[in-house]
Amino acid sequence: MTRVLVTGASGFLGRHVCRDLAKRGDDVVQIGRGPGGELCDLRTASTDCFAGAEAVVHLAGALAQGPGTPVSKYLPANVALTEAVLLRAAAAGATRFVFSSSRLVYASNLGRPMKEQDAPA
């Protein structure tokens, strides 16, 4: 059994990731804002939140507003937060880190579900 910390556990992807990890028998530590998620300021938290985690799935961040939104709007909630989570995970001894990007890497007018091989926007 692997101890996996999931940030953004109460979000759409986070709920599914937590469910699937638990189904396969992993010990899931949920970090999120909703029910079942432990609240922890990921920017300033000690490594205690990450204690014993062998892997971290980082899904927390600000939702994309659209391709025209300046990158500076996302730096604190996405880029800086990701760096903080990665550093704390490494300090706690986690050996695996999974990060999910934004859906905005793909065009929003495809008219069908996106596929991994679709060209980025």
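How many salt bridges does the structure hold? The structure holds three. The points below take them up after the overall fold. Keep in mind that this is a predicted model.

1. **Overall layout.** The protein has two helices and four strands. Read from the N terminus, the order of elements is β-α-β-β-α-β. Of the 121 residues, 31% are buried.

2. **Contacts along the chain.** Take the contacts between residues at least 6 apart in sequence. Of these, 57% join residues at least 24 apart.

3. **Strand E1.** E1 covers residues 3–7. Four of its five residues are buried, so E1 is largely enclosed by the rest of the structure.

4. **Partners of E1.** E1 pairs with strand E2 (residues 27–31) in the parallel sense, over five bridges. E1 also runs parallel to strand E3 (residues 55–58), joined by four bridges. Follow Val-6 to see both pairings. Val-6 stands opposite Gln-30 in E2, and its bridge partner in E3 is Val-57.

5. **The β-α-β unit.** Helix H1 spans residues 12–23. Together, E1, H1 and E2 make a β-α-β unit, and this unit is right-handed.

6. **Salt bridge Asp-27 to Arg-3.** The closest N and O atoms of this pair are 2.6 Å apart. The pair links distant parts of the chain: Asp-27 sits in E2 and Arg-3 in E1, 24 residues apart. Asp-27 is partly exposed, with a relative accessible area of 30%. Arg-3 is partly exposed too, at 28%.

7. **Salt bridge Asp-20 to Arg-19.** Here the closest N and O atoms are 3.2 Å apart. Asp-20 has 39% relative accessibility, so it counts as partly exposed. Arg-19, at 41%, is also partly exposed.

8. **Salt bridge Asp-26 to Arg-24.** The closest N and O atoms are 2.4 Å apart. Is Asp-26 buried or exposed? Asp-26 is buried, because its relative accessible area is 10% and the cut-off for buried is under 20%. Arg-24 counts as exposed, at 59% relative accessibility.

9. **A nonpolar surface patch.** Which residues form the nonpolar patch on the surface? They are Val-71, Leu-75 and Val-79. Together they have about 270 Å² of accessible area. Val-79 lies in helix H2, which runs over residues 75–91.

Definitions and conventions:
Residues numbered from 1 in each chain as written. Predicted model: local features only at pLDDT ≥ 70, side-chain atom pairs only at ≥ 80, totals over all residues. Heavy atoms only, no water. Patch = residues over 30% accessible without salt bridge, like charges linked within 9 Å, V, L, I, M, F, W, Y side chains within 5 Å. Areas by Shrake-Rupley, 256 points an atom, 1.4 Å probe, with all protein chains shown as cover. Salt bridge = Lys/Arg side-chain N within 4 Å of Asp/Glu carboxyl O. Buried < 20%, exposed > 50% of the residue type's maximum accessible area, 1.4 Å probe, protein only. Pairing = 2+ DSSP bridges. Right-handed = clockwise from strand over helix to strand, strands pointing away. Contact = heavy atoms within 4.5 Å.
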